[in-house]
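Reader: I've just opened this one. Can you walk me through it?

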Amino acid sequence: MSEKKTENLVRDRLRDLGYYSIDNGISIEEQKSEIVKVKKLLSTASKNKKGNKGYPEFIISNQLDTKFIIIFECKADTKKHQSSDLNKTVDYTVDGILHYAKHLSKDYTVLAVAVSGTVESSMKVSNFIFSGRDDTYTELLNEHGHPVENILSFNDYYRLSSFDPQVAKKRHEDLISFSKDLHEFIWTKAKVSEEDKPLLVSGTLIALMNNVFQKTYKALGAEDVQEAWITAIKKELDKAEIPEGKKDTMIQPYTTIAVHPNLGKPDSRTAVGYPDGVFKEIIDLINDNVWPFISIYHDFDVVGQFYGEFLKYTGGDKKALGIVLTPKHVAELFSLISNVNKSDTVVDICAGTGGFLISAMQKMLKTAVSESEIIDIKKNKLIGIENSPKMFSLAASNMILRGDGKANLHQGSCFDDGIVNAVKLQKPTVGLLNPPYAQAKSDAGLHELKFMGHMLDMLAIGGTGIAIIPISCVISPHIEKHNLLKKHTLKAVMSMPDDLFYPVGTVTCIVVFEAHKPHAESNKKTWFGYWKDDGFIKTKQFGRSDELEQWDNIRDQWVESYRNNEVLAGQSITKYVGADDEWIAEAYLETDYSMITQNDFEDIVKNYAVFKMLNRFKS
């Protein structure tokens with residue numbers, strides 16, 4: 001009976017924290033659940049392990065993220081809070097809640113809370129997070145890395161859970177899987193073109209920012225959804241205070257979706273499976289699977305993720321081949337190489353979906369200490385140029401979804417004099433670039449290094465320009481290498497993993513320049529890094545991913561060695577180079593023989609023997 005006192009304490013605390021507030025989207029069930037999936041998962045979860053159903057004291061779900069659930073187990077005796085081996089599920093609070101959470105973690109991210117005691121001042125509270133990747137768990141930690149030992153508000157629980165490394169990894173994986181599924185659904189059910197699919201996703205995310213649309217779209221008739229969708233987008237653009245000319249440019253690509261015949265009232269065949277229309281189903285899917293993600297992970301280029309996934313199905317479109325989107329961890333690496341902070345102004349002259357600007361903004365915001373500095377960063381410190389109207393809309397929507405940063409986006413050629421002059425007036429100090437990669441000799445006038453030089457010309461004196469370009473640009477003779485060094489200093493070149501852009505086969509390197517300081521006058525050695533192993537591996541489901549969780553350590557080692565110009569055997573070297581030299585670590589690194597193992601030696605000998613034998617047969 002004394003357990004009821006503990007339950008009452010928890011109930012009162014939840015009430016104080018707003019869990020029972022009207023229209024907050026939170027549902028609290030006690031010792032039962034009407035959620036079909038929960039009922040199924042707990043149908044054999046009795047704590048006595050006899051295969052009967054079993055329920056914790058409280059089950060808390062929410063409309064924001066239906067895949068996140070909080071459960072509470074309550075016991076009166078603080079001495080029975082946790083057993084030494086965690087297998088006494090009937091008698092001990094922690095043991096019991098972990099038991100229920102393992103059942104639910106098959107389909108949910110679970111926040112498991114164990115509460116013991118009948119007096120608030122002496123209650124014991126333990127919080128655990130199950131990522132949903134498997135039935136493993138960790139203690140919930142606060143921002144300072146300390147265990148959380150009290151009951152938190154829903155928003156605090158959700159925020160801290162989301163930044164648990166395993167939860168974040170699981171949600172990234174879920175987003176990648178969903179992007180594949182959404183591509184298939186949109187194509188088979190709506191026949192929306194590949195280039196319009198990302199607009200459908202980004203436009204829906206903006207429309208869902210509009211409270212009226214989010215609350216009412218389910219009640220609309222299929223024939224009215226498209227009009228309500230485009231109206232919601234226009235209203236959100238009005239709120240974002242985008243200049244009228246840019247607003248018209250941004251809204252234009254979305255009008256194609258607003259009149260697409262397959263997204264309107266369903267025909268008799270489609271109505272069988274989707275009586276409310278396919279568009280409403282797509283909005284539901286994005287609302288359930290993407291909106292919760294983007295509301296938490298502000299550093300992730302969600303729109304770029306979908307664009308990259310849809311780009312795989314362009315059917316050999318030659319124009320699309322030149323578009324190689326920057327992986328998220330590389331965009332993050334650029335912001336660290338540049339050491340960007342709140343005082344910098346950043347420009348990307350080939351902005352794409354805005355991945356570099358998003359990454360830079362997040363790092364800059366971490367250095368801001370006042371609200372005015374945050375506003376200044378978002379309003380004045382991020383500049384993007386994008387030639388494609390549709391890509392411009394994607395970049396602008398990406399920034400809007402993060403609260404701002406779209407005020408200085410320009411749609412047009414980065415070589416347009418008007419745009420160039422407008423950018424120079426803002427005196428950018430950092431330039432980040434992934435230029436379009438030349439596809440043929442006809443692209444010779446748009447060599448990747450020409451884009452690099454053009455960006456450097458826009459920067460303030462002493463500014464830092466960073467680009468990722470095909471490795472052929474730095475090892476082959478070219479007039480643009482001479483043009484660059486006449487004006488700017490080559491600070492560093494890093495050779496990147498061969499399969500960095502998998503499944504695209506382009507092998508790349510990162511180049512770092514100091515703007516408006518001629519290379520010869522600087523009279524400095526260039527630092528060359530051999531960054532061929534980022535720890536990522538290729539998997540069938542997720543492509544290249546940090547499956548072994550090595551990236552953080554590798555990244556930190558790379559950045560430290562670059563910032564300190566460290567010379568490490570087999571990894572980095574400094575050399576005086578000119579325009580006619582190769583700008584690549586492999587040309588200058590000395591072999592570190594201490595790293596060669598017996599197996600390495602045997603493999604080389606075997607390969608050489610096979611080579612000699614095959615050539616003897618040929619001759």
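Author: Start with Arg11. This is a predicted model, and in it Arg11 is buried, with a relative accessible area of 17%.

Reader: Why does 17% count as buried?

Author: Because buried means under 20% relative accessible area, and Arg11 has 17%.

Reader: Which side chain does Arg11 meet in a salt bridge?

Author: Glu30, at 2.8 Å from N to O. Arg11 sits in helix H1 (residues 3-16) and Glu30 in strand S1 (residues 26-30), so the pair ties together parts 19 residues apart in sequence.

Reader: What about Glu73, which residue does it bridge to?

Author: Lys47, with the closest N and O atoms 2.5 Å apart. Glu73 is in strand S3 (residues 68-75), while Lys47 is in the loop between helix H2 (36-41) and strand S2 (58-62). They are 26 residues apart. Both Glu73 and Lys47 are buried.

Reader: How many salt bridges are there?

Author: The count comes to 24. Another one joins Asp85 and Lys88, at 3.6 Å. Asp85 is partly exposed at 42% relative accessible area, and Lys88 is partly exposed at 36%. Shared partners also join Glu332, Asp552, Arg555 and Asp556 into one network.

Reader: New topic. Which residues touch the most other members of the largest nonpolar core?

Author: Ile70, Phe72, Trp229, Met494 and Ile510, out of 119 residues. Helix H5 (residues 165-190) gives this core its largest share, 8 residues.

Reader: What is Met494 in contact with?

Author: Beyond its neighbours within four places in sequence, its contacts include Ile337, Trp527 and Tyr562. There is also a second, separate core of 38 residues, including Ile385 and Met455.

Conventions
Residues are numbered from 1 along each chain as its sequence is written. This is a predicted model: local features need pLDDT of at least 70, side-chain atom pairs count only at pLDDT 80 or more; totals for chains, interfaces and linings use all residues. Side-chain values use heavy atoms; hydrogens and water are left out. A nonpolar core is a set of buried Ala, Val, Leu, Ile, Met, Phe, Trp, Tyr and Cys residues joined through side-chain atoms within 4.5 Å. Buried means under 20% relative accessible area, exposed over 50%, partly exposed in between (1.4 Å probe, protein chains only). Helices (H or I, at least four residues) and strands (E, at least two) are DSSP runs, numbered from the N terminus. Contact means heavy atoms within 4.5 Å. A salt bridge is a side-chain nitrogen of Lys or Arg within 4 Å of a carboxyl oxygen of Asp or Glu.
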